[in-house]
Amino acid sequence: MSDAAIIVAAGRGTRAGGDMPKQWQPLLGRRVADWTLEAIRAAGLSPIILVMHPDDMDTTALPEDVIRVAGGATRDASVRAGLAVLDPDCVENVLIHDVARPCLPPSVIADVRAALHGGAEAAAPGLAVTDALWRGEDGLVAGVQPRDGLFRAQTPQGFRLKPLIAAHDEHPGGAADDVEVARMAGIAVVITPGSEENLKITLPGDFLRAAQILQNRKEHMDVRLGNGFDVHAFEPGDGCWLCGIKVPHDQALKGHSDADVGMHAVTDAIYGALAEGDIGRHFPPSDPQWKGAESHIFLRHAVELARSKGYRITNIDCTLICERPKVGPHAAAMQARMGEIMDLPLDRVSVKATTSEKLGFTGREEGIAAIATATLVSA
Ligand code: MG
């Protein structure tokens with residue numbers, strides 16, 4: 001089950017100025033929509049649906065993995081068109097985002113997803129209003145509006161897919177956003193932290209503000225490397241878990257968990273890049289609940305930790321060191337499994353193997369060692 005994204009881009013907003021819709025206008029060398037799509041893709045959301053104006057459907061260049069859907073006359077009609085292509089048997093949650101918010105920080109997405117995975121039926125980012133609020137009439141202050149409990153609503157707004165589809169089916173239309181639709185259906189919506197950077201391009205001056213935020217991020221991009229090393233000894237058995245694949249062998253690897261030495265090295269490389277210790281710190285071997293645990297639990301935790309701290313993994317490289325079993329015939333399957341767990345494309349996941357020329361404990365076939373490197377960048 002995945003978390004999908006619907007990006008609403010069917011509008012023809014004219015307040016932003018320019019001679020084309022704001023989502024297709026340039027922003028720091030790309031289109032506004034390209035920045036938005038990159039932020040969504042970096043979070044590992046899949047599938048990604050872009051709901052477009054019918055006129056844009058055939059004329060707009062987009063990455064291959066983006067699914068184009070023709071939008072309707074209103075925002076909620078467009079969202080319904082996007083929801084219609086999602087398969088509730090494969091998609092658990094859906095995050096709905098305005099295309100005109102291209103500076104979406106990873107932490108905002110991560111907090112919405114964490115709330116959903118923590119049991120919330122719906123979650124959406126908001127910023128508490130801190131300025132005093134006035135009502136104005138004819139250029140004069142006509143009254144003061146209490147700001148207690150007021151929030152500025154942002155996107156992405158996240159929901160369990162099935163209840164949201166039902167809520168849209170029941171709604172008469174005309175809602176400002178999907179939180180309004182969900183609430184009308186009785187769905188409670190958790191408020192997660194929004195961000196001042198997550199601005200919605202609305203007026204001409206917003207392009208400059210967005211460009212400054214993105215430029216500032218580029219200049220302060222933080223690239224981090226981490227390494228991981230792990231060893232597990234052989235014990236009697238019928239195969240070894242290596243990078244998520246059970247490889248038939250005349251022995252098994254011994255360990256508290258499933259002893260997947262390759263996945264452990266990669267997981268430790270990610271923790272290392274974050275200066276977050278190692279697997280043992282997050283999943284103590286002294287805790288019986290991790291006995292026999294499948295190692296993808298550890299790897300997924302490291303990947304989520306990276307996301308929640310504002311980093312995306314750009315590649316990993318893992319080397320398994322053993323005489324036997326032969327890794328080569330299984331390397332492609334390992335690469336695919338590791339990519340699936342980390343939401344990374346195959347050209348960013350390397351799994352390879354070497355022997356130690358019969359030297360040392362790996363050469364004597366007493367166990368298997370693995371080393372791994374991970375690169376993370378601030379997203
Ligand atoms: Mg280990």
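Predicted model: local features only at pLDDT ≥ 70, side-chain atom pairs only at ≥ 80, totals over all residues.
Local features were considered at pLDDT of at least 70 and side-chain atom pairs only at pLDDT 80 or more, whereas totals for chains, interfaces and linings use all residues. Residues are numbered from 1 along each chain as its sequence is written, and side-chain values use heavy atoms, with hydrogens and water left out.

The chain contains 11 helices and 19 strands, taken as DSSP runs numbered from the N terminus (helices, H or I, at least four residues; strands, E, at least two). Along the principal axes, its C-alpha atoms fill a box of roughly 85 × 40 × 35 Å. Of the 379 residues, 49% are buried, where buried denotes under 20% relative accessible area, exposed over 50%, and partly exposed the range in between (1.4 Å probe, protein chains only). Among contacts with a separation of 6 or more, 70% are made by residues 24 or more positions apart; a contact requires heavy atoms within 4.5 Å. The mean positions of the 37 positive and 50 negative charges are 2 Å apart. In this count Lys and Arg are positive and Asp and Glu negative, with His and the chain ends not counted; each charge is placed at NZ of Lys, CZ of Arg, CG of Asp or CD of Glu.

The whole structure holds 0 disulfides, the criterion being a pair of cysteine sulfur atoms within 2.5 Å. The sulfur of cysteine 240 has its closest cysteine sulfur in cysteine 322, at 7.9 Å, which is too far for a bond. For cysteine 243, the closest cysteine sulfur belongs to cysteine 318, and the separation of 4.1 Å is likewise too far for a bond. Cysteine 240 is buried, with a relative accessible area of 0%, and the value for cysteine 243, also buried, is 0%.

The magnesium ion has as protein donors Asp230 (OD), His232 (NE2) and His264 (ND1), at 2.1 to 2.3 Å. Donors are N, O and S atoms within 2.8 Å of the metal (3.2 Å for Na, K and Ca); water is not among the atoms, so sites may look incomplete. Along the chain the donors follow the spacing D-x1-H-x31-H. Both aspartate 230 and histidine 232 are buried.

Arginine 337 is located in helix H10 (residues 331-342) and is partly exposed, at 21% relative accessible area. Its C-alpha atom is separated by 7.5 Å from that of isoleucine 245, 92 residues away along the chain. Beyond neighbours within four places in sequence, arginine 337 contacts Cys243, Gly244, Ile245, His296 and Arg300.

Two cis peptide bonds are described here. One joins threonine 155 and proline 156, with omega about 10 degrees; proline 156 occupies the loop between strand S10 (151-153) and strand S11 (157-160). Another joins arginine 324 and proline 325, with omega about -5 degrees, and proline 325 falls in the loop between strand S17 (311-321) and H10.

Positive phi values occur at leucine 28, near 50 degrees, and at alanine 275, near 55 degrees. Leucine 28 is in the loop between strand S2 (26-27) and strand S3 (30-31) and is partly exposed at 28% relative accessibility. Alanine 275 lies in the loop between helix H7 (261-273) and helix H8 (279-282) and is exposed, at 62%.
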